[in-house]
Amino acid sequence: MLHKISPTHPRANSLIIREKLVEGFRNGVVIPEGLIAHGRGEAFDYLLGEKTTKYACEAEKVAICLLLLSKNSVISINGNTAALCAKELVTLSNITKSKIEVNLFHKSAVRSKTIARILKKEEAKEVLGLDSKSRSTIKEISSNRKYVDNNGIMNSDTVFVALEDGDRTESLVKMGKKVISIDLNPLSRTAIASNVTIVDNIARAIPNMVSISKELVNSDRSYLLQQIKNFDNIQNMYESLKMIRKGI
Ligand code: ATP
């Protein structure tokens with residue numbers, strides 16, 4: 001049960017996000033480490049004024065262009081992302097024709113199934129990452145995130161990892177995949193290794209990406225390609241870092 005948060009509270013949105021994660025924790029979707037990871041993100045968000053910057057918006061647009069152009073894109077979902085924006089992630093996967101795969105750092109069959117159930121309740125057609133028969137291993141990774149689905153991440157061209165750890169992002173890039181990540185910390189290894197890094201809170205970024213994808217879904221291929229060509233990920237992250245410095 002979410003605590004009632006007054007909409008007039010100056011930091012209402014941030015508190016609502018916290019409450020959703022606490023509820024996710026109580027429902028077995030989020031683990032304690034996920035709450036700690038969120039805390040690190042919150043610190044950066046505070047410095048960004050808890051708003052989506054124009055640079056994040058640019059990166060979100062380019063990420064959508066990449067998803068729409070990809071032949072075999074996959075959205076990777078963990079506990080925090082499911083707790084914060086399951087519905088919007090399913091919508092995004094439908095519009096961009098991306099598959100959905102549950103992939104957890106702290107693996108647990110029960111938690112994976114709980115997350116899959118939430119996604120299916122939001123009308124996800126198929127949720128990958130649960131069937132051990134189609135499981136393969138990314139050799140370079142030592143954590144549990146090395147297990148991926150043959151029908152999903154293993155054979156994808158683009159992976160929208162959303163919240164991720166640096167090891168796996170680096171490995172996916174080495175495997176030749178295009179990686180899109182969301183990370184409020186532009187200095188993390190995930191942020192630096194990704195092809196498109198969105199420095200924004202996932203709770204704002206995903207709904208924003210749904211709106212952008214609705215606008216772009218029927219765009220010409222040449223237009224989408226041009227947006228990607230014009231985008232400089234390092235420069236974009238640098239601009240976000242400058243905004244964080246300004247916040248300090
Ligand atoms: P890396 O391995 O990439 O260097 P890390 O070890 O610093 O990352 P992790 O513990 O793997 O970090 O994950 C936490 C990361 O997730 C932090 O960088 C934090 O900024 C980011 N994060 C947490 N919650 C959110 C959120 N709601 N939106 C966006 N980013 C978030």
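The buried residues of helix α10 pack against α2 (32-47), α3 (54-69), α7 (189-193) and β7 (196-198), where contact means heavy atoms within 4.5 Å. The model is predicted, so local features need pLDDT of at least 70 and side-chain atom pairs count only at pLDDT 80 or more, while totals for chains, interfaces and linings use all residues. Residues are numbered from 1 along each chain as its sequence is written, and side-chain values use heavy atoms, with hydrogens and water left out.

Helix α10 covers residues 233-247. The expected span of a helix is 1.5 Å times one less than its number of residues. For the 15 residues of α10 this gives 21 Å, and the end C-alpha atoms are 21 Å apart, which agrees. Its buried residues are N233, N236, M237, E239, S240 and I244. Here buried means under 20% relative accessible area, exposed means over 50%, and partly exposed is in between (1.4 Å probe, protein chains only). Seen down the axis of α10, the buried residues fall within an arc of 155°, so they line one face of the helix; the arc is that of the directions from the helix axis to the C-beta atoms. The face turned away from this buried side carries the exposed residues I234, R245 and K246.

The buried residues of α3 include Y55, A56, E60, L66 and L67.

Next comes the ligand. It is surrounded by 18 residues, of which the closest are R40, G166, D183, T190 and I202; a residue counts as near if one of its heavy atoms lies within 4 Å of the molecule. A backbone N or O atom of L184 lies 3.2 Å from a nitrogen atom of the ligand, and a backbone N or O atom of I202 lies 2.9 Å from a nitrogen atom of the ligand. A polar backbone atom of R189 is 3.0 Å from an oxygen atom of the ligand. The protein covers 84% of the 630 Å² of accessible area that the ligand has on its own, by the Shrake-Rupley method with a 1.4 Å probe.

K178 is found in strand β6 (residues 178-182) and is partly exposed, with a relative accessible area of 41%. Leaving aside neighbours within four places in sequence, K178 is in contact with L66, D157, T158, V159 and N195.

S98 sits in the loop between α4 (79-96) and β2 (99-102). It is buried, with a relative accessible area of 8%. The side chains of S98 and S73 are joined by a polar contact of 2.8 Å.

N94 is found in helix α4 and is partly exposed, at 37% relative accessible area. The C-alpha atoms of N94 and K125 are 31 residues apart along the chain and separated by 8.8 Å.

How values were computed. Helix = DSSP H or I, 4+ residues; strand = E, 2+ residues; numbered from the N terminus. Polar contact = N/O pair within 3.5 Å; in protein donor to acceptor, adjacent residues only side chain to side chain.
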